[in-house]
Amino acid sequence: MAMANTSPFISNLKHQSYIIAQTQYMRKRKKNFSLNALSSSTQPLPLNLDYLKREFTGPGVVFERIPAGHGCSVRLTMDNGSIANVTMPGGMITSYQPQMWHGANMEVLQTMVSRPDDEITKLQGGISVNFQCSSDDTDVWALRGWVLRGVKGKPDKSIQIELFSSSPLDGSEARYAVTLCPNLISTELSITNNSSSPLHITGCILNHLKTSTPDATYLCGMQRASYYTCGPVISELGIVPPATSKTGTAWVQKGLDGLFGKGKDEARGEEREEGSESVHLTDETYRFYQNAPRQFTVLDRGRRNSIMIGKNGFDKLYVMSPGSNHDWYGRYAYVCVGPAVTQPVTLNPGDVWNGSQYLYNPNM
């Protein structure tokens, strides 16, 4: 979506140079990469905000710097008033405000903003992609450092931003697309193995949905789905109440031997079958559903709101509820629902894995 007074050829050439520079920056860091470094976003990519504004600002698309932080946010706005914010280079969807039945926008995502001792803005919650790739020689690539590849669409139909991340290990690549439509927002992820050896992937998409209180929140459509209990999945981008965070499994640090790999059978509870159409999330809950339907609904009676979630390409569904022992409409008034790949998927050289989800607003 380049400016009208810019030659398409020159604009494309400039953007290709920008992408090459970002990719080279990642690969220069390869020598110093360790597991912890790969799992962290404390060294964000340098962003040329002026360039992004000049080349990609257009109808429904605005770029803004994140105060006291490294990076920027991309604000997407539809003609009907629906809004979404996506951060770069973190790739977190920090806000989704669809039009509701009463004619106004309503925020459906729970996001926390804090500034630790180093005074750098820290964002948690929203919708985040939490994936890692591992090779046979134990090198690990956690998908971080997203670079803008393109923007397309129109605010009367849909707007899509496409991001990518290049592995510093072997040149493999991940594509991440966020699409805002009048009544839904979708996230699509594809991982391509460009190396000469197999690549093993695990991960999940964490959706932190704002609620009045978990006591008024239900997960609908899960009857006869099997599940087992677990501890909370801890990600640097996720929200977990302090009382439970010490018991969680930080899979981005433990790799394939953590919750999503060989050790999961030791930590999981007994497998059960869901007997009710609606699961009441009033209690503190941590579950993996093994045969969840492709579509299901999160209903919040307190806010008179519901969100339908659809998924494709994932073998499990993670469900977390902090429980109702927290303040109503407070920072822990949310539920976290996310499609997950817990059994490592092996990509042979040249293979591509695809997974996607969408949040649909049925309240218009």
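1. Aromatic pairs. The count comes to eight aromatic pairs in this predicted model. The rule takes rings of Phe, Tyr and Trp (its six-membered ring) whose centres lie within 6.5 Å; planes under 30 degrees apart count as stacked, over 60 as edge-to-face and the rest as tilted. The model is predicted, so local features need pLDDT of at least 70 and side-chain atom pairs count only at pLDDT 80 or more, while totals for chains, interfaces and linings use all residues. Residues are numbered from 1 along each chain as its sequence is written, and side-chain values use heavy atoms, with hydrogens and water left out.

2. Phe131 with Phe314. A pair of aromatic rings is described by the distance of the centres and the angle of the planes. The ring centres of Phe131 and Phe314 are 6.2 Å apart and the planes stand at 65°, so this pair is edge-to-face. The pair links distant parts of the chain, 183 residues apart. Phe131 is in strand β7 (residues 127-135), and Phe314 is in the loop between β20 and β21. Helices (H or I, at least four residues) and strands (E, at least two) are DSSP runs, numbered from the N terminus. Phe131 counts as buried at 1% relative accessibility, and Phe314 counts as buried at 9%. Buried means under 20% relative accessible area, exposed over 50%, and partly exposed in between (1.4 Å probe, protein chains only).

3. Phe131 with Trp353. Phe131 also forms an aromatic pair with Trp353. This pair is tilted, with 5.4 Å centre to centre and 40° between the planes. Again the pair links distant parts of the chain: Phe131 in strand β7 and Trp353 in strand β23 (residues 352-360), 222 residues apart. Trp353 counts as buried, at 8% relative accessibility. Phe131, Phe314 and Trp353 form one aromatic cluster.

4. A neighbour in sequence. What is the place of Asn130? Asn130 is in strand β7. Its relative accessible area is 0%, so Asn130 is buried. Asn130 and Ile234 are 104 residues apart along the chain, and their C-alpha atoms are separated by 10.0 Å.

5. Charges over rings. Two arginines deserve a look. Arg287 lies over the face of Tyr227, at 4.0 Å from the ring centre. The charged end of Arg301 sits over the ring of Tyr218, 4.6 Å from its centre. The rule asks for NZ of Lys or CZ of Arg within 6 Å of the ring centre and within 35 degrees of the ring normal.

6. How many cavities of 30 Å³ or more does the structure hold? It holds two. A cavity is a set of points on a 1 Å grid, over the protein atoms alone, where a 1.4 Å probe fits but cannot get out; lining residues have an atom within 4 Å of a point. Grid points are joined across faces, edges and corners, and a volume is the space filled by probe spheres set on the points. The largest cavity has a volume of about 60 Å³. Its lining is Val108, Leu209, Lys210, Thr211, Val298, Asp300, Asn305 and Ile307. β13 (199-210), β19 (295-300) and β20 (305-312) each supply at least two of the lining residues. The lining divides into four nonpolar, two polar and two charged residues. Here Ala, Val, Leu, Ile, Met, Phe, Trp, Tyr, Cys and Pro count as nonpolar, Asp, Glu, Lys and Arg as charged, and the others, Gly among them, as polar.

7. Second largest cavity. About 30 Å³ of space lies in this one. Leu206, His208, Val233, Gly238, Ile239, Val240, Tyr318, Met320 and Cys336 line the second largest cavity. The lining divides into seven nonpolar, two polar and no charged residues.

8. Gly238. Gly238 is among the residues lining the second largest cavity. Gly238 lies in the loop between β15 (226-229) and α4 (242-245). Gly238 counts as buried at 8% relative accessibility. From C-alpha to C-alpha, Gly238 and Leu206 are 7.2 Å apart in space, and they are 32 residues apart in sequence. Leu206 is also one of the residues lining that cavity.

9. Ile191. Ile191 is found in strand β12 (residues 184-192). Is Ile191 buried or exposed? Ile191 is buried, with a relative accessible area of 0%. Ile191 and Asp351 are 160 residues apart in sequence and 8.4 Å apart in space, C-alpha to C-alpha.

10. Cysteines. How many disulfides does a search of the whole structure find? The search finds zero, a disulfide being a pair of cysteine sulfur atoms within 2.5 Å. Cys72 is buried, with a relative accessible area of 1%. Cys220 also counts as buried, at 17% relative accessibility.

Methods: 1 Å grid on protein atoms, 1.4 Å probe; cavity = no way out; pocket = protein on both sides within 12 Å on 5 of 7 lines; lining within 4 Å.
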